[in-house]
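Have the viewer open and try each one before reading on.

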Amino acid sequence: MQEIERPEVTRPMEETAGEIYRVAGPVVTATGIHPRMYDVVEVGHEKLMGEVIQIVEEKTIIQVYEDTNAVRPGEPVRDTKASLVAELGPGLLGTIYDGIQRPLKVLTETMGDFILRGVSAPGISREKRWGFTPTVAVGDTIQGGTIIGKVQETTHTEHRVLCPPKMSGKVADIKEGEFTVTDTVCTLDNGQKISMMQKWPVRVPRPSAEKLMPSIPLITGQRVLDMFFPVAKGGTAAIPGGFGTGKTVIEHQLAKWCDSEIVVYIGCGERGNEMTEVLTDFPKLEDPRTGAPLMERTVLIANTSNMPVAAREASVYTGITIAEYYRDMGYDVALMADSTSRWAEAMREISSRLEEMPGEEGYPAYLSSRLSEFYERAGRVKTLSGAEGSVSVVGAVSPPGGDFSEPVTQGTLRITKVFWALDTRLRERRHFPSINWLTSYSLYNITLSDWFVENVSPHWSELREWSMAILQREAELQEIVQLVGSDALPEDEQLTLEVARMIREFFLQQNAFHSVDTFAPLDRQYELLATIKRFSDLAKKALSLEVTYQELADMDSITLLGKMKYEEDFAGEHKKVMDKMDEEFRQKEVMS
Ligand code: ADP
Ligand code: MG
């Protein structure tokens, strides 16, 4: 296996004898080594894994990914002269990793529930054999990113083996059969050997040929998201929300239902037992499209609360590197991070150990640049092999006390194009998902309109604008209603309030735990909202024909409309509602 992370230089592996000078929590200072920034180093007798994060003259500052309690000054330090890399190849899917890509299963099998120090476990099994079928032949010219063969990684996912980004040449030999990830499957005329596994430094974005416009929606089946605040494939979205407002439920819904082919889920443990829930729940989830376990198209990165902060800091980079790798095969990948606030807190803790000048609320001054470096790795691209792939990133943010003015929320909102604002008051009213429709936004609405108009309905955008206008009018009327009650309003305004209620309760509210309502295909989303609009149009006409508001509010078709979303047979139910509506409005002589 050729190492690709340092193609430009091969540095001599002379043994530099370093030693620990100081230990401060996860931050260790060493002397006597001369590494580069972000080199991985082995710290102490136990060879704990760490990464160089600062070099000040003779002193090297290292963040250590493992518990440093037993480490003392004077112990040895060794520079490995390699960056922190992710191992990329078949076997990633279905695996649960810690922040530095150690498989949790292997770790717990060797050590029980407590992760011991100094244990290195390869990210990808060296023993497992995979059936490799070449897609290039001897004599073909290949370059970085060329798909050289295929492996059936899970029942429904084909792993496309890529020529590592910085290699190229003519194929001199290519094999077919069962191999481990380190066996050579392809040899180039210049002698370079390619195996099914490659390594990539996690802090460096993987290259692509070209960035493409984010003009295709990531379909989530969540009505409020798809219809009002859609995210594009390759786009970025933030979900800030106080404790218990529904961030995790949304991230899970996306992981389960969004139409990406691969999911990378980075869990950063909000509450003590939350990651445990993810670890036990996720493996039980079913992929609704194939019936196979959802884990078969998922890579899970888990930071439990007993893991050191530096590993949490690294987990985000490990996750996005894996996401980019599947993107490079031509897949649409969705990455969920829950919650990025825990990542930012890890940065804050390390920064304070470094005694850096703190910025706002103690976060380091480079918080926003780290956030943007991360989100900028999202995108829809033409891959090096000419295929199209995407990485969409949805980050939950948990501002203390639900106060969105704090630095992590603000820093994130400056970068992400979609803002799903979770609202504590909506949650208290049990309006789920508790996404505030007045303050949330999507900057993709305009670029995605064409897609919805072409693929769902020519009236898609119109319908969205119509319902938004009703909801905004409702908010304006609310003040008057609070002062004098709704009865004091003119009848047409009372109708506006009733239609707004229908939009909120029938359309926006969606129960993640209801077998049918949990996922709404786009055509149903459209029909549901269009039916509410049809009622609204007919009711308006009725008012002009002297029908009273109360007669309209009492119509049975409203009740039926409210149940539509729960019905398995949506088309049948839709027809029932339409028939009932016709009947009722005919009785009032609004229709002939
Ligand atoms: P957070 O991650 O923001 O702390 P959670 O995602 O754990 O909050 O949500 C808290 C609770 O809110 C859930 O356990 C569930 O009872 C309820 N909830 C949130 N979203 C929904 C939804 N779409 N449908 C039904 N219940 C929901
Ligand atoms: Mg949560």
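**Exercise 1.** Does W460 count as buried or exposed?

*Solution.* Start with the ground rules: this is a predicted model, in which local features need pLDDT of at least 70, side-chain atom pairs count only at pLDDT 80 or more, and totals for chains, interfaces and linings use all residues. Residues are numbered from 1 along each chain as its sequence is written, chains are lettered from A and ligands numbered from 1 in the order in which they are written, and side-chain values use heavy atoms, leaving out hydrogens and water. Next, take the cut-offs: buried means under 20% relative accessible area, exposed over 50%, and partly exposed in between (1.4 Å probe, protein chains only). W460 has 0% relative accessibility, so W460 counts as buried. F452, at 1%, is buried too.

**Exercise 2.** Classify the ring pair F535 and F585, and say which helices hold the two residues.

*Solution.* Rings of Phe, Tyr and Trp (its six-membered ring) pair if their centres lie within 6.5 Å; planes under 30 degrees apart are stacked, over 60 edge-to-face, and the rest tilted. With centres 5.7 Å apart and planes at 65 degrees, F535 and F585 are therefore edge-to-face. Helices here are DSSP runs (H or I, at least four residues), numbered from the N terminus. F535 belongs to α13 (residues 522–544) and F585 to α16 (residues 570–587), so the pair ties together parts that are 50 residues apart in sequence. F585 is buried at 0% relative accessible area, and F535 is buried at 1%.

**Exercise 3.** How are α12 and α13 oriented to each other?

*Solution.* Axes are lines fitted to C-alpha atoms, for helices over the stretch in contact, with angles from 0 to 180 degrees between N-to-C directions. The axes of α12 (residues 491–508) and α13 come within 11 Å and cross at roughly 165 degrees. Angles under 35 degrees count as roughly parallel, over 145 as roughly antiparallel, 65 to 115 as roughly perpendicular and the rest as oblique. The two helices are therefore roughly antiparallel. To finish, look at the contact (heavy atoms within 4.5 Å): residues of α12 including L495, V499 and F506 meet residues of α13 including L528, I532 and F535.

**Exercise 4.** Now work out the orientation of α11 and α13.

*Solution.* The axes of α11 (residues 460–484) and α13 come within 10 Å and cross at roughly 55 degrees. That makes α11 oblique to α13. Among the contacting residues are W460 and W466 of α11 and Y526 and L529 of α13.
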